[in-house]
Structure formats: structure tokens, C-alpha cells
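Here are my notes on the model, as numbered points. Please read them beside the sequence and the coordinates.

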Amino acid sequence: MSTIVVGMGMVIAMGSGSEPGERKERQRTRRPASVARPCASAAREECAGFFAANGISTPSTLFDTLSDTYYFAKNRAGQFVWGNRLLQEQHALADVKDILGKTDHDFFRRDIADRIRADDLAVMETGVTVKNKLEVIDGGNGELTWLFTTKAPIRNREGAIVGIEGFSRDARRSQDTIAPFHEFKACIEYVQEHLTENISIDHLAKLSCMSLSTFERKFKEHFSLTPKQYVLHMKVHEACRLLPGANSIARVALATGFGGQSYFTKQFRSIVGITPKQYQLALAAGRAGNAPSFHRKGNHVEAS
């Protein structure tokens with residue numbers, strides 16, 4: 001049995017009989033494939049004509065020169081209608097046009113893609129631009145990508161919202177995002193070296209030769225996070241590195257300076273969107289090719 005992927009990540013199973021007398025049944029089973037390919041092709045062509053159909057200019061080719069920033073544009077259905085060359089390289093596509101018609105579900109684990117889709121829908125429903133939101137994207141192998149993402153609605157010639165576009169800056173590629181000025185270099189290095197400890201924000205301010213109020217104000221201006229939030233994100237980042245090979249979540253909590261497991265779980269879920277245990281299960285299932293999806297029930301996130 002084989003499968004093909006069409007549309008919004010939908011999988012169509014295809015089977016064939018093994019006896020000569022089942023030829024008609026084989027032909028009947030194969031017909032969905034011949035139908036699915038034109039459907040995918042039609043979706044791609046529709047996405048290629050998205051900007052012209054809505055009477056708006058196509059994105060500048062200068063976006064292809066960006067070395068640390070992914071540019072993307074999607075229609076209301078969540079299908080990509082544009083992507084720059086760095087986005088193509090990130091998803092191992094042969095050509096930039098190969099992203100047309102695809103969705104985030106074609107590239108990310110389901111719970112991550114669902115979270116991205118929810119953010120996109122919120123921007124399209126409210127029409128409010130989201131600026132410099134820190135996102136944590138897991139590639140499925142325990143390797144995290146930290147992105148500063150800005151999203152804005154795309155409007156057609158009549159002013160109606162027809163999609164979303166945005167930039168995601170890779171924090172590892174962009175040193176000016178992580179350390180915009182030398183005045184923060186000492187405190188950032190201190191945070192990295194003392195993640196397991198109770199880090200004093202007042203001490204970080206002194207390392208940067210600033211008063212506490214000035215330090216907190218400037219830090220948030222440059223990082224879009226308060227110093228406490230930044231320290232929390234770095235601790236969670238380290239926890240994500242340790243969790244794949246850990247036998248005890250409680251030990252990871254201690255190793256990253258969170259102390260108790262319940263507090264660690266609460267903070268981890270606030271950043272990553274799922275609990276540490278669900279994160280471990282998702283990684284294991286991803287390696288097995290059967291990643292679970294997660295849904296919210298009340299104040300809890302559950303696997304399904």
C-alpha cells in the first residue's frame with residue numbers, strides 16, 4: 001500500500017489487488033490518484049495567481065537576498081502563495097515555487113502546525129499586526145529554531161483581508177537580534193553560563209552598567225522580552241535539549257534550575273505549548289512517523 005499527499009496535508013491511501021481478476025478493482029482504486037494530482041496542480045496554479053487575482057503587487061525579489069529572515073505569504077486557507085529562497089532552503093525544496101499550495105502541516109509536526117495556523121487565523125480575524133513574537137519551532141529531532149516573527153494581514157484592492165504575510169528572523173542566524181549591542185554581551189553570556197541558578201535581574205543590570213529600571217526598559221526594547229522572560233525562554237531551550245534523552249522529567253527540572261516538576265511543567269507549557277511529557281512523546285512519535293496531535297481541554301493540553 002502507498003500514500004499520496006494532497007491539499008491540506010490530507011493523506012489518500014492507495015491499494016491494488018494481486019489477482020488478475022481484480023484489474024477492474026485496481027483501476028477503480030487508482031482513479032483517486034489521477035484526480036488528486038490535477039487537484040494539487042490546480043491549487044498550486046491558484047496560489048501562483050493569488051496576487052494578480054487580488055489586484056496587489058507580488059513581493060519584491062529582494063526578499064530572496066535575506067540571509068537570516070524567512071518571508072512568507074499565505075491565503076486564507078493557510079496555503080503558501082509566496083516564500084523567499086531561505087524558506088525554500090529551510091524546507092529542502094528544489095525550487096521556491098515548490099512551496100506554492102502547501103501548508104505548514106506539510107512541513108511541521110501537527111501540534112506545531114496547528115499553533116501556527118491558530119496565530120494566522122487570529123491575525124486575519126482581528127486585522128491586527130503581531131510584531132516580534134518569539135516562537136519556538138521543533139524540527140522533530142530535538143533541534144529547536146528560535147524565531148522572532150512579525151505577521152500582518154494581506155488586503156485586496158477592496159480592502160478585504162485575503163491572507164497573511166510575515167517575516168521570521170532566525171535568532172541563531174542573526175546575531176544582531178540576539179545581541180544588538182555590546183552593552184548586553186556580558187549579561188547574555190552570564191545567563192548562558194548560569195542557567196541552572198537563580199539569576200538575579202539586578203545582577204544582570206549591574207553587569208550591563210545600568211540601573212535596574214534602565215536595564216529592563218532597554219532590554220525589552222531590543223529583545224521584545226523582559227529580562228525575566230528571556231531567562232525563562234533560555235531555561236526552556238536548555239530543557240528541550242535535555243528532554244529527548246532524559247528518563248526523569250524531575251531531573252531535567254532540577255538541571256535547568258526550575259526546582260519542582262509541577263512549576264517546570266507549567267512554565268514549559270507556557271512557552272512550548274505542550275507539557276514536557278507530551279514533548280517527549282511527540283519526539284518519539286515523530287521518529288516513528290506517527291506524530292500525535294494535541295488539543296486543549298479547559299486549562300489542559302491533551303494528546304489524541
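1. Asparagine 75 has contacts (heavy atoms within 4.5 Å) with Cys47, Phe50, Val81, Met124, Val162 and Gly163, leaving aside its neighbours within four places in sequence. Asparagine 75 and glycine 163 are 88 residues apart in sequence, yet their C-alpha atoms are 4.1 Å apart in space. The side chain of asparagine 75 also reaches the backbone nitrogen of glutamine 79, at 2.9 Å.

2. On the source: this is a predicted model, in which local features need pLDDT of at least 70 and side-chain atom pairs count only at pLDDT 80 or more, while totals for chains, interfaces and linings use all residues. Residues are numbered from 1 along each chain as its sequence is written, and side-chain values use heavy atoms, with hydrogens and water left out.

3. Is asparagine 75 buried or exposed? Its relative accessibility is 11%, so asparagine 75 counts as buried; the cut-offs are under 20% relative accessible area for buried and over 50% for exposed, with partly exposed in between (1.4 Å probe, protein chains only). Asparagine 75 lies in strand E3. Helices (H or I, at least four residues) and strands (E, at least two) are DSSP runs, numbered from the N terminus.

4. Strand E3 covers residues 69-75, and seven of its seven residues are buried. Thr69, Tyr71, Ala73 and Asn75 point one way from E3, and Tyr70, Phe72 and Lys74 point the other way.

5. E3 pairs with strand E7 (residues 161-170) in the antiparallel sense, over seven bridges; pairing requires that DSSP finds at least two bridges between the strands. In E7, isoleucine 164 stands opposite lysine 74, and glutamate 165 stands opposite alanine 73. E7 is largely enclosed by the rest of the structure, because seven of its ten residues are buried.

6. E3 also pairs with strand E4 (residues 80-83), again in the antiparallel sense, over three bridges. Here lysine 74 stands opposite phenylalanine 80. The two strands E3 and E4 form a hairpin with four residues between them, and glycine 78 in the turn has a positive phi of about 90°.

7. Helix H9 (residues 227-242) and helix H11 (residues 261-272) have axes that come within 10 Å and cross at roughly 95°. Axes are lines fitted to C-alpha atoms, for helices over the stretch in contact, and angles run from 0 to 180 degrees between N-to-C directions. H9 is therefore roughly perpendicular to H11, a label used for 65 to 115 degrees. On the H9 side the contact is made by Leu232, His233, Val236, Ala239 and Cys240, and on the H11 side by Phe264, Gln267, Phe268, Ile271 and Val272.

Technical notes. Parallel < 35°, antiparallel > 145°, perpendicular 65-115°, else oblique. Polar contact = N/O pair within 3.5 Å; in protein donor to acceptor, adjacent residues only side chain to side chain.
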